[in-house]
Amino acid sequence: MELLTLTVHELRDMIKSKKISSFEATSACLSHIKKTDDTIGSFITVLYDEAIESAKECDKKLAQGENSGSLFGVPYALKDNILTKNIKTTCASKMLDDFIPPYSATVENRIKEHGGVLLGKLNMDEFAMGSSTENSYYKITKNPYDTSKIPGGSSGGSATAVASNEAYFSLGSDTGGSIRQPASFCGCVGLKPTYGRVSRYGLVAFASSLDQIGPMTKDVRDSAIILDVISGKDIKDATTCKSSEISFEKALNGKICGKKIGVPTEYLDGINEEVLYSLSLAIENLKQLGADCTDTSLKLYKYALPTYYLISSGEACSNLARYDGVKYGYRAENYESLTDLYKESRSLGFGDEVKRRILLGTYVLSSENYSAYFKKAQQVRTIIIEEFKKLFEKYDVLVTPAYPTTPSNLGQGGSSIEMYVGGNCLACANLAGLPAIVVPCGYTKKGLPIGVQIIGKPFDEATVLNVAYALEKTITKQKPSLMGGTK
Amino acid sequence: MYEAIIGLEIHAELKTDTKIYCGCKNSFGNEPNTQVCPVCMGLPGALPVLNKKVVDLAIKAGLALSCNIEKCSKQDRKNYFYPDLPKAYQISQNDTPLCTNGYIELKSKKINIKRIHIEEDAGKLIHNKNGTTTIDFNRCGVPLIEVVTEPDIRSSYEAIEFLEALKEILEYSEISDCKMQEGSLRCDVNVSLRPIGCDAFGTRCEIKNLNSFSAIGSAIDCEINRQSEILNSGKNVLQETRRWDDCLKQTVSMRNKEESCDYRYFPEPDLLPIKVSDEQIHAIKERMVVLPEKRRIKYINEYDLSEYDAKILTSKKTLSDFFESCIASGGKPKDCANWLMGDISKILKEKALDKIPFSPDCLVDLLALIDNGTISNSSAKIVLLNMFKSNDAPDVIIEKSGLAQISDIEKIKAIADSVILSNEKSVKDYKNGNKRAFGFLVGQAMKLSGGRANPKILNEVIKKALNN
């Protein structure tokens with residue numbers, strides 16, 4: 001049914017012009033979810049009744065001519081590490097299986113103010129640690145393009161919900177590529193905003209200096225629309241910067257003639273042939289549009305991942321220490337002392353990957369190792385930031401493949417070294433706090449999506465979105481058929 | 001044989017309206033878990049935002065203690081597990097404290113202050129009679145300054161002297177309430193011994209759970225004795241943390257694993273560095289009140305008061321401020337001091353009042369009325385009592401109650417004559433040399449006048465009348 005394949009901007013225009021109601025769109029989504037999600041597994045929680053109520057409210061307000069915000073009545077879903085008041089928020093972990101937050105994240109409040117209709121909470125790697133969504137306590141999520149393949153992670157459900165048309169847009173979180181890699185694997189547009197652009201208040205923290213919430217959408221215009229809604233200064237988050245003076249949606253014009261685009265050659269190391277081919281096509285298209293594309297170099301490229309792992313693990317082990325079985329979350333049934341309570345609750349409540357990261361983080365922060373590992377990583381981070389600064393004196397944006405490989409098979413072990421290593425091109429943007437978007441730029445012969453990444457200067461989402469917007473127009477709209485039956 | 005090397009670690013709760021990292025109210029004594037929010041409860045997804053007033057008060061404390069104020073400092077996470085610490089880390093300052101290198105001058109010596117930094121308080125564990133422990137998170141996130149001294153203190157006496165001076169400074173500057181009984185002032189003590197003349201430090205022990213100044217004094221003395229005995233018997237002092245037991249009156253070893261804890265300090269990524277400008281420091285300095293020691297020096301040198309008087313007058317800021325306002329309104333220092341320290345303090349205590357309910361001007365007016373003879377000293381005491389009850393000015397009270405002193409000689413003569421006429425025996429006694437009879441007659445006359453006769457004039461008149 002075509003209704004489900006609409007973009008956010010198409011749907012909201014139709015709702016605003018009364019061609020369709022939020023109730024109809026929401027019902028369609030919920031029916032579709034009922035049919036497909038047993039296979040795909042995007043959702044941990046589906047809010048059947050609440051979503052219908054919410055949609056009816058939106059329709060009522062629209063009928064009464066009340067100000068509808070920019071998302072009026074459009075159904076969406078949230079990664080399950082974004083807090084929703086009175087709605088179970090689990091981070092796909094046994095530790096928070098029964099956690100019902102007393103407050104909502106700032107981004108959720110902002111979407112609500114603009115009239116979004118929440119469909120449910122999406123599956124993810126536990127506490128956002130992983131790149132295949134196989135580390136979830138609840139279920140595996142499957143790639144709609146080929147259900148034997150991983151959708152990517154940790155925002156796997158966020159990508160599959162949008163890719164399989166279960167939701168019109170979703171929010172994910174990105175610490176080392178967790179929006180962009182699944183976006184690439186599922187043929188979506190995934191944006192990681194500049195660090196400080198979007199409030200983290202109400203996002204369950206993984207790595208505080210790296211985490212950012214971002215939109216997962218069907219096209220670039222939608223991404224800009226959502227960014228307009230969720231971004232901006234939040235007094236509850238001291239790391240947010242002042243709000244944008246421009247509307248990102250209004251700034252889209254597709255004009256990139258004369259823009260200087262750098263292509264760091266280090267990213268091409270060991271990448272899959274088909275990925276390389278798609279990337280080359282994308283670069284050709286950008287040149288056709290008048291952009292000036294040249295090869296360049298990011299010398300510290302190979303240090304990105306180790307630096308990322310040291311910093312993120314250190315911050316994560318501290319952020320996850322609050323899950324101690326005392327105040328909320330899982331508490332073991334049998335324990336004999338306080339120490340036992342901590343040990344048992346955390347051993348049983350956390351999955352293996354989470355424990356791995358906590359152990360690594362505890363090690364690198366310990367007083368004997370701090371200088372050599374954590375502090376050293378932060379110092380390398382500064383040098384990486386400096387290198388990007390120099391590159392951005394010459395270039396407006398950098399273009400890289402979104403990921404060196406195409407989606408691998410499910411069941412290969414989401415924590416393999418290969419999975420870790422693949423993230424080099426993504427982690428850089430988190431370390432330097434840069435805005436980065438992934439846009440679909442082709443398919444493998446077997447019909448798996450391939451994405452291209454565009455990285456921009458701090459707070460220059462406008463240029464990043466514009467280059468993505470221009471590129472998107474040149475990519476053929478013809479998609480291979482999906483599991484779930486909508487094209 | 002040995003000298004004691006003592007250092008103090010003091011935590012003082014800051015007098016801000018709200019907590020250090022969230023908007024919850026900063027107040028004491030509420031129902032458990034009613035002053036909490038996602039931030040101070042450490043709920044998932046919550047983030048800290050620094051309360052600027054906390055920095056202002058910490059800078060004020062640094063200035064009051066003659067510290068250097070760091071222009072750029074950061075906050076760090078101190079990681080450890082304990083039920084009263086909801087995030088399992090405390091946001092504190094590790095290697096970049098806000099203030100460094102200060103001191104307090106005691107009578108005999110200077111005690112140097114190594115550092116002052118800001119941090120958040122933890123919650124309170126309540127050990128119930130049924131064996132369970134419950135947690136009250138109200139205190140989580142209350143702002144603290146931690147003041148650490150150099151090991152310059154040599155005795156329990158000096159320690160208490162230091163603490164009293166520190167308490168006075170923090171109270172006057174309205175930085176902290178400093179109520180040990182409410183926990184807004186806490187102190188841990190580090191004690192070690194070394195042979196006199198030796199430079200190297202001995203092994204030190206930390207003493208915790210000290211809930212009053214006297215406990216601190218006792219604990220220090222007890223610990224010095226304990227360590228002396230160990231060293232005298234040829235053994236070594238074990239480095240440990242000990243708990244003061246106020247019932248047993250001794251320190252007890254705390255064999256908890258918490259002692260040997262690696263806090264895995266790292267910079268708090270959710271907060272920005274604290275940048276302090278010269279203008280900010282200057283503005284705070286401008287608004288600072290004159291500290292008690294400086295006031296005492298002024299009272300002694302400029303107002304000619306005794307050291308004892310100066311100490312009493314500065315024992316409370318409100319009293320000192322009141323006194324100084326009286327002087328500013330033209331009051332005579334000695335008179336004002338006497339009344340404040342005497343009758344006024346007595347009434348305040350009897351009525352359990354914190355504050356004098358009338359203005360300094362009122363007191364100055366009252367004293368002037370005594371001076372110019374409008375009322376007698378004793379009448380003034382009655383007027384004073386009334387000033388505590390009503391809002392009326394002294395002269396209004398005098399008029400309402402008819403307490404104005406009688407200074408009219410004719411009137412006094414009439415009273416004297418009346419008394420002499422009705423007390424023949426006493427007059428005879430006086431004329432026979434009994435001096436006390438004179439006092440009796442004066443007393444009777446005073447009574448007849450309703451206590452309002454000008455005593456000096458009355459005395460003269462009666463003397464004159466008797467000698468006739």
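Predicted model: local features only at pLDDT ≥ 70, side-chain atom pairs only at ≥ 80, totals over all residues.

Guide: The buried residues of α10(A) are A:Leu341, A:Tyr342, A:Ser345, A:Arg346 and A:Gly349. Around the helix axis they cover an arc of only 105 degrees, so they sit on the same side of α10(A). What do these buried residues pack against? Their partner is α11 of chain A, which covers residues 352–365.

Helix α10 of chain A has twelve residues, 338–349, and at 1.5 Å a residue they should span 16 Å; the C-alpha atoms at its ends are 16 Å apart, which agrees.

Staying in chain A, let's visit a serine. A:Ser178 belongs to the loop between β4 (169–174) and α6 (180–186). Is A:Ser178 buried or exposed? Its relative accessibility is 7%, and because buried means under 20%, A:Ser178 counts as buried. Leaving aside neighbours within four places in sequence, A:Ser178 has contacts that include A:Lys79, A:Ala128, A:Gly130 and A:Ser173. A:Gly153, A:Ser154 and A:Ser155 are also among the residues in contact with A:Ser178. With A:Ser154 there is a polar contact of 3.0 Å, side chain to side chain. As for A:Ser155, it is 23 residues from A:Ser178 along the chain, yet the two C-alpha atoms are separated by 5.5 Å.

Now let's cross over to the other chain. Where the two chains meet, 38 residues of chain A are in contact with 31 residues of chain B. The area buried between them is about 2600 Å², and carbon and sulfur atoms give 63% of that area. Three residues, A:Ala238, A:Ser318 and A:Arg322, supply 21% of the area that chain A buries against chain B, more than any other three residues.

Strand β13 (residues 241–245) and strand β14 (residues 250–253) of chain B pair in the antiparallel sense, over four bridges. One residue to look for is B:Arg242, whose bridge partner in β14(B) is B:Ser253. The hairpin has four residues between its strands, and there B:Lys249 takes a positive phi near 55 degrees.

B:Thr251 is part of strand β14 of chain B, and with 4% relative accessibility B:Thr251 counts as buried. The side chain of B:Thr251 has a polar contact of 2.8 Å with the side chain of B:Arg242. Another polar contact, of 3.1 Å, links the side chains of B:Thr251 and B:Glu223. Beyond four places in sequence, the residues that B:Thr251 touches include B:Ile207, B:Ala219, B:Cys222, B:Arg226 and B:Trp244.

Our last stop is B:Gln227, in helix α4 (residues 213–232) of chain B. At 0% relative accessibility, B:Gln227 counts as buried. The side chain of B:Gln227 reaches the backbone nitrogen of B:Leu193 at 3.4 Å. Apart from residues up to four places away in sequence, B:Gln227 touches B:Val191, B:Ser192, B:Leu193, B:Thr203, B:Cys205 and B:Val237.

Note on methods: Residues numbered from 1 in each chain as written. Chains lettered and ligands numbered in written order. Heavy atoms only, no water. Helix = DSSP H or I, 4+ residues; strand = E, 2+ residues; numbered from the N terminus. Expected span 1.5 Å × (residues − 1). Buried < 20%, exposed > 50% of the residue type's maximum accessible area, 1.4 Å probe, protein only. Arc of directions from axis to C-beta. Contact = heavy atoms within 4.5 Å. Pairing = 2+ DSSP bridges. Polar contact = N/O pair within 3.5 Å; in protein donor to acceptor, adjacent residues only side chain to side chain. Buried area = accessible area lost by both parts, 1.4 Å probe.
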